[in-house]
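Please look over the structure shown here before reading on, and keep it in view as the text moves from the whole chain to one pair of helices.

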Amino acid sequence: MSAILALAVTLGLAGVAGFTALRAPLREAKSIANHPPQGQFLNVDGHQIHVVERGQPQGSAPDLVLIHGSNGSIRDMTFRLSPALEEAYRILIFDRPGLGYSDAISADGTSIQTQAAILQKASARLGAQRPIVLGQSYGGAVALAWATEFPQHTAAVVSVSGVSHPWDAELPTFYKLTSSRFGSAVIVPLLTAFVPKSYVRDSLKDVFAPQAVPDGFADHFGLAMSLRRSSLRANAKQRANLLTEVEAMAPKYPDLSMPIEVVHGTADTTVGISIHAERLVADSRTARLTPLPDVGHMPHQTHTQEVVAAVHRAATRANLR
């Protein structure tokens with residue numbers, strides 16, 4: 001009887017695995033069809049990098065690079081922020097390596113320093129030798145890595161709800177699992193195949209809280225794109241490695257000389273203002289903080305004009321306006 005039960009369990013697991021192997025790529029193909037690439041592709045050191053160019057012609061306005069956050073894409077920056085900046089800047093918006101339509105650089109997780117190096121090289125190829133670099137959340141850490149690694153190629157930094165300093169909390173269980181070998185092989189395909197978009201849509205409420213998710217954002221962003229196996233794996237590895245990378249970067253902030261504008265909501269529970277923004281201002285002689293009272297983690301979507309004003313201040317301080 002036990003042998004029959006074991007056989008039944010084995011066949012059942014095999015059936016689930018087979019169904020998952022069929023369903024996951026079908027869902028990925030549908031998400032790609034519904035949210036195709038918006039820009040062009042650059043080959044940078046053998047890796048495909050997806051970039052959208054918006055705004056003014058090259059040479060007619062300051063160059064501005066926009067870098068999205070954790071498990072996001074270019075679409076996070078094209079919803080409200082880039083349209084609000086296009087009249088005054090030439091804008092380059094990148095999918096970070098491993099996310100959106102950009103290749104992962106390393107299967108072990110592309111560091112913020114390597115991401116910054118790839119994106120800086122891509123920007124220079126497009127004629128942006130010394131741009132203003134804006135990063136949101138995880139992208140804020142990439143923007144600071146750009147500044148610390150390539151200060152001569154950084155006119156100014158704008159950190160929006162950005163990660164900048166080490167923290168004490170443990171890596172969330174979700175990322176512990178999905179960044180592990182077992183999780184990458186087993187859990188990630190199950191998530192891709194079976195997690196309903198409604199669940200991910202509801203999770204946005206926590207990211208935006210206490211503000212509401214703007215109408216149309218979920219559809220524009222393309223939630224299913226974040227559920228692709230490649231995105232889940234790349235994001236998990238990046239999150240798992242982030243603390244160590246930030247610990248190595250933070251001691252370099254006192255040496256930065258370019259203008260740094262920091263915009264951070266006081267109600268942000270994802271990237272706390274006291275752990276990150278306030279410490280960045282304390283450690284950098286050029287950083288200036290604009291706290292947004294009772295605002296959460298997504299001010300570039302909910303308080304876009306305050307972020308636009310910070311970009312303008314950065315450009316003025318860098319003598320670009």
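This is a predicted model: local features need pLDDT of at least 70, side-chain atom pairs count only at pLDDT 80 or more; totals for chains, interfaces and linings use all residues.

Residues are numbered from 1 along each chain as its sequence is written, and side-chain values use heavy atoms, with hydrogens and water left out.

The chain has 13 helices and eight strands, where helices (H or I, at least four residues) and strands (E, at least two) are DSSP runs numbered from the N terminus. Its radius of gyration, taken over C-alpha atoms, is 20 Å, close to the 20 Å that the globule rule (2.2 Å times the number of residues to the power 0.38) gives for 321 residues, so the chain is as compact as a globular protein of that length. Of these 321 residues, 51% count as buried, that is, under 20% relative accessible area with a 1.4 Å probe and protein chains only.

Two packed helices are described by the angle between their axes and the distance between the axes. The axes of helix α5 (residues 138-149) and helix α10 (residues 229-249) come within 11 Å and cross at roughly 40°; axes are lines fitted to C-alpha atoms, for helices over the stretch in contact, and angles run from 0 to 180 degrees between N-to-C directions. That angle makes α5 oblique to α10, since angles under 35 degrees count as roughly parallel, over 145 as roughly antiparallel, 65 to 115 as roughly perpendicular and the rest as oblique.

Notes
Buried means under 20% relative accessible area, exposed over 50%, partly exposed in between (1.4 Å probe, protein chains only).
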